[in-house]
Each structure stands twice: as C-alpha cells, then as structure tokens.
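Open the model in your viewer and keep the selection tool at hand.

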Amino acid sequence: MSGIENEKRRMFLKWGAAATMIPIAGCGGDGSDGGPGAVANAASTLASTATADTASARVPDGAALRLSYSQAAGESNILFEGLPLGNGRLGALTGGSPAREALYLNEITLWSGQKDAVDLAYTAAGMGSYQMLGKLYVDLPGHAQASGYSRSLDISNAVARTQYVAGGHTYRREVFCSHPDKVLVMRLSSDGGSHDGTISLVDGQGASVTGSNGILLAQGKLDGVGERYATHVLAMPDSGTVKYDASKGVLTMSRCPALTLIIAARTNYSGIEAEGYLGATDPAALARADVSGAAHLPYRNLLERHLRDYTALFGRFSLDLGKSSDAQRAMTIPDRLKARTASPDIADPELEALYVQFGRYLTIASSRGPLPANLQGLWSVNNNPPWMADYHTDINVQMNYWLADRAGLPECQKPFADYVLSQLPSWERSTQAHFNDAANSNYSNSSGKVAGWTIAISTGIYGGIGWDWSPPASAWYCRTLWNHYQYTLDRDYLRAIYPVLKSACEFWQARLIVDPASGLLVDDRDWSPEHGDHQELGITYAQELVWDLFTNYGTASGTLNLDTDFAATIAGLRSRLYLPKISPTTGQLQEWMEDKVDTGDPQHRHLSPLIGWFEGERIAYDGDPALVAAAKALLTARGTDSFGWGLAWRIACWAKFRDAATCYSMVQKLLRFASGSDSTNGTFTNMFDAYGGNIFQIDANFGGPAAILEMLVQSSMDSIVLLPALPPQWNTGSVKGVRVKGGFSVDLAWKDGKLTSAAITSVGGTGTTLKYGSISKPIVVRKLGRSRFDGALGTA
C-alpha cells in the first residue's frame, strides 16, 4: 500500500431511513402464549444462571491468555485502545468505561458502492467503502467515581471483561460475540449494587432509532446499490425495570442489579452476483430472529455454546517461546509494550507468543463470515476508513491469509475463497469490457486482445474495482488460493477454485507479448507495485507470479484430469517466459528488465520483486546459489524497518534465509508501542497494528505471527524444515498444531536451542522429507496417522 499521501479520498455518505417497531416486548408478560412475553420470561432464567465459571468449555483463568489493562479505553482512541470482539460477521470494539460503556459496532457486509464499478477515481460512491454499523452506549452516571478498575480481553475464551468498585459494590461486565447464535452479548452484574442509567443506540448512517420496553431498533438503506441493514438491541434485567423513553429515544434502567444485552445486526447482502449481490431478505426480521433465538437460552448456555465453538478452533494450537519474568507478567499490555520498546534487548518471549496467538484470535473473530477480513479486519469506527478498509491486492489481503492455514485455522481461509468465487463473474465481465479502455492506457494490452480476469489494486464487495488496474493481481490471488490447497490437499476445494485459476491463465495468455531482444514472453506495460515508473515491460513481480500461476494451474489440471489441451498450451507458454536476471551492477535480483540502480527509494516498503522467494516457490534456498545470493542482496538493500506489513514481509523473507538474528531484530520492531498520537509504526494499546502511528491496518497482525511461525517451521510440498531461524531469545520452547504444506500438522519441542522432539500428523499427506540442520530424512506417514521423532530425527 502506498503512503497516506497517495490515498484518494472518498465521499462521506449520509443515509436516513425510518425505523419500524419490533413486536418483542421487554420484561413484561408471563410468556404463557409463547409470544413476546416468552422472550421477557427468559430474563428470569438468565438471572439464575449468569456465571461464566460453570461453562465446561471455559479455559480456566490460570491457563487463559489475556490482554490486561488498568484503564478504560478513551472513546476518542477506541480504535487503538478498545478491545475487539467478533464472530466473523458481527463485531465490536468495547471501551470498558464504568460510567459510559461504548460498543462501536460493525457488520462486515455493510458497504457503500455500485455494482461492477470500474472506479479508477477510487471513491466510496463508486467501488464502495466499508461502513460503520453504529454505537451502543450504556450510561451509568453513578459509577463515575469507580475504583479498583481492571479490564481484559481473554483470547483463550474470546471474552472481554471489566471489573470495578462503585458505591461500595463490585461490578462486572462480560462481552462476547457468539458465532453459533449470531449475536453480541453483554452481561452486567454486581454484588448487590444497581445499574441505573440509560442504554442508547446511535446508527452509523444517521437513521432514526425506535424502540419499545427493552428494545432498540435502527434500520436503513444505503445509497448506491441500495443495501439494507438493521440493528436490534434487547435489554433483559434480572430484576428492576428497563423502559423505553420515547422522548429521548433511549432505554432507562432502574434498580437493576444485573442485566443482559443481546445485539444482532443483519444486511441483505447475499454475495450472489446473479442477484446483484443483494437478496430479498428482510434484515430487520433476521436480526429480530437472531435476538429472539438467543434470548430464549439461559445466559450460561449462550456463553457455553460460544465457548465450545470458539475453543474448538483456538485450542488446536499452542506456542511456548520461553518464560518471561514475573515483573513482565505483572504489567498491563501498554506498560509491557513500552518496556519492550525502551529496552529492546530484554526479551519478553511470552509477549511474543501472545502476539502470535492474538493474530489467531483476530483471524477467528474476523474471518468466519460471508466476507474475508478487510484492511481493518472487521473493525472500523467511522464511514471514512483509510483506503476504504477495502481489499488491497498488492500485498495486504494476501497477507491477511498467511496465518490461517499455518496456525491450524483452515476454516478461516474459506471466506477469502468464497469472496473470489462470488466476485469472479463481475471481474471477468469488467476485465473483458474495460481493461483495454483508453482510461487504462498505462496497463492495457498493446495487442488489443483480452480474456479471463484480473482486478485493480483495490476491490469492493459488489464486483467493483478501484484505483489503478493491477494486471498481476489475478495471479497473486490465485497463489493465495493455491496455498490452501497445498496445506490441505482438499480435492473438492481444488475443483471449486479451478475455474479461477483457468480464467487467470486465459488473461495472461492474451496479455503476454514477445520481447524482441530475447524472444521470450514478458508482461506488457506494468508497474512494480507502487515503486518506479509505470509502463515497464517484464517486471519481476509479474514474471514470477505468472510463472507461479502457470505452474500451479498445470498441477491442478493434472490432479483433476481437466483441460489437458489447454494445460499443454499453458505449459508451453511457461517454458517461454522471461525469468528475472541478476544485476551485473548491483548483484541484486533485478526489479525491472533494465539494469537500474534504484536511487529513488532503495529501501522501498514493498518487496514485490522477491515474490518468487516468498511466498512464491521458484527460488529455493537450496536452489541456484547465484540466484539465492541475488535475492538476498536485494532484500538486504531494502533494509530492516518499515510499516508493520513491510516488517512482516521482511521477517518471512529473512526466515527463509535462516537468519534468526535479523528476523528477531524486526520482531522487536513489530512490538514498538504506538500511542495513536505519534508516527510510530508498531503496536497500539489494544495490540492492533499501527501504520504510520495513527492508522490501524490489520495485515501485520496476521503477517507478523505468520512470519514468526516461518522462523520455527518452513515447508514446501515435499519438505518440512524444523527450527530454521530460531533466535537465542527463544532458547527453549515448543509449538503444537502448526500446519505445513503437503498436508501435515507438526508438533515441536526444543531445549537450549536444539530440537528435542517432533511429531508429524497427517491431515491428508503421506510423504515428505524432514530437515533439521544438516539432517535430511524422507518419511512416510500413514494417512491421518502420526509419526514421532527425536532430536536427531530418529524414530521415537
């Protein structure tokens, strides 16, 4: 992504729509008729079962991983300090203020924009922009002088908690976002105190809020394609009253020792191109049904259903990088980050392991729904997020999916694949109708031919694309799709993505031209992402990705026994591709066909010309020594500091060179404390990635952990390399459940910097070669079986 100065600003859209009343009562009625009163009657059940500790799937406090804080988030900084929750579709940032709890709400499909827009001006009205759902406030004026305050995000259980003392009573809050029940739940309780105040909902698009006793509703319709949405809030007190104050549009709480809030939101986004991406469903009815279904469950059951669902995913993987000191463990997260920044030579291995696990937490929270994680994952606090919070195609969305398979979360890759498949008809149509337009003079095909599909640097959710066209983006999307097949060997998945690969090959079959000097095939006029001149032929970024695409398509065709004639044609094109050269001037892998000395930005943030090293596979560590040395020379020239995603990319590349010291020096930089009011690239208070100091961008939250895992285990379809870049700061430790290419899961343990044991479990694969140091051992594992090895790779 370019610097903020390159951002094309977008329009701020305002919508208004009249909300309708929801026929669900608050806490009145006896529930005998199974109607509205039945929902209210559930409140009494909630009262007798509202304790998380009884949930059998709960990871106990002593074993749970937590982000801990001694202060509430400031609402003006909630994007940097608020604690993120999500179920893949619905999400929130919670602030935890005793006197004014703020939940900033998001629904991942809530977007502005037009269908099939080819929007080179890059606007919210054209390609579209991610929108904010709204804000929910719980105002408790009597709690303003609270003491004994603490809040935490328990990522082992996906629950945010707040505790404080006010008026001599202890108050507690629990918030979680349930995937099985499709709702956000907040439980407010006390040891004899009272919640007296108001609950209010502010619609993110300016729509009016209506209500009845215990209920708030906002609904509206966005301009552009006309997406509809609704937010439904139900407040259920154990005792006391919650009433709707029509004059103020809020719910008033009176004498409530404890209460439960259930929040649901829906849109009519369907993701089906033939429907214009919008279905005929009523979002308000769907949200009402979600709330009603959840309200009939006791709180304990709601929580346990959430825990069983979440811990089944999160608990697959564990990571121990060594022990931190008692003093480090006692610190809050911001203090710990500040200490790490002030004394980077003092290792904090448990913080670094927590950083990896937090990336897994965010993956589960933001990538289990109808769309993939965007530039901000699931979380935005306004309608004007940087770069639309879109899907950036020249590193960012790809990096969002480096972690899922590696970290034992293959299900969380599915939204990306579903997104590409759903958008493909629009992308094919736009490519074939508009790629050779005069407006695309920088990159259009000089032959006049066009076929298949590609996209621009940015994409939305209604088939639209924005900013400049990016011809290699189709090939990189295909690499991201291909990664999942390499990890899982799932033939059904391969069959599903096969048309995407084939159509991308058709695009490149039409695009490649003959270089008159060499007689080889090269990319037509193009731009090495955000670096150097436009209209360059045969850029390394494109040549590597096209080689990768053609190689993987050939494998897919052979595996599925499809399109043998076309596969032979593509293999012929692959054999004629120009491959990047080594600069005789610098000794570096050339970024462009011409041997240029980069005097403009030699430490450029993008590592695009190294795509064949990582995450492509053409340049291998044990391959051509001259080519490997040239790749290393280019990587060295790019430096060891950047934005978060640039650091993650660099760590992954240096890990492949097995340079633990250089990798670890950049892990430290990923964890630099950023307050949100300076220019620091690093980590905010809530452990979100800080881009340029005051922008949240989630890619490094996935890419950084993935790169750390590359320091511990690397893989290809025929090999697994154990502990390739282990730094002395992680001298003793273990990892369990890390996935590798070829269809395996790996458990490792090491002591004093040396491997002590390894276990390889098949998740579909059967044969590979284990490598550790100078040892190389071919192994066969029974399908879905498990083999164990000692530190010398002998059978244990």
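Start by selecting residues 733-740, strand S29, together with strand S30: the two pair in the antiparallel sense over seven bridges. Strands pair here if DSSP finds at least two bridges between them. Helices (H or I, at least four residues) and strands (E, at least two) are DSSP runs, numbered from the N terminus. This is a predicted model, in which local features need pLDDT of at least 70 and side-chain atom pairs count only at pLDDT 80 or more, while totals for chains, interfaces and linings use all residues. Residues are numbered from 1 along each chain as its sequence is written, and side-chain values use heavy atoms, with hydrogens and water left out.

**The strands**

Pick Ser734 and look across to S30, where Ala749 is its bridge partner. Then go to the turn: S29 and S30 form a hairpin with three residues between them, and Gly742 in the turn has a positive phi of about 95°.

Now select 744-751, which is S30; seven of its eight residues are buried. Buried means under 20% relative accessible area, exposed over 50%, and partly exposed in between (1.4 Å probe, protein chains only).

Val746 stands opposite Ile760 in S31. Two residues separate S30 and S31 in their hairpin, and Asp752 in that turn has a positive phi of about 50°.

**The annotated span**

Select 299-712 next. In an unreviewed entry, UniProt lists these residues as "domain: Glycosyl hydrolase family 95 catalytic". UniProt positions are given in the numbering used here, feature names are shortened, and annotations may be inferred rather than shown by experiment. The span is 48% helix and 7% strand, and its end C-alpha atoms lie 41 Å apart.

Grid points are joined across faces, edges and corners, and a volume is the space filled by probe spheres set on the points.

The whole structure has seven cavities of 30 Å³ or more. The largest cavity holds about 100 Å³ of space. Among its 14 lining residues, those closest to the centre are Gly86, Ala158, Cys177, His306 and Tyr310.

For the second largest cavity, about 80 Å³ in volume, select lining residues including Tyr401, Trp402, Glu615 and Lys741. Helix H11 (473-488) gives the largest share of this lining, four residues.

**Open spaces**

The largest pocket has a volume of about 820 Å³. Of its 31 lining residues, select Ala63, Ala64, Leu65, Arg66 and Leu354, the closest to its centre. The largest share of the lining, five residues, comes from H7, the helix at 349-366.

Finish at the second largest pocket, with about 680 Å³ of space. Glu617, Ala620, Lys656, Ser715 and Ser716 are the closest to its centre of the 33 residues that line it. Domain 2 (470-638) and domain 3 (717-795) each supply at least three residues of this lining; the domain bounds come from an automatic or database domain assignment.

Definitions and conventions: 1 Å grid on protein atoms, 1.4 Å probe; cavity = no way out; pocket = protein on both sides within 12 Å on 5 of 7 lines; lining within 4 Å.
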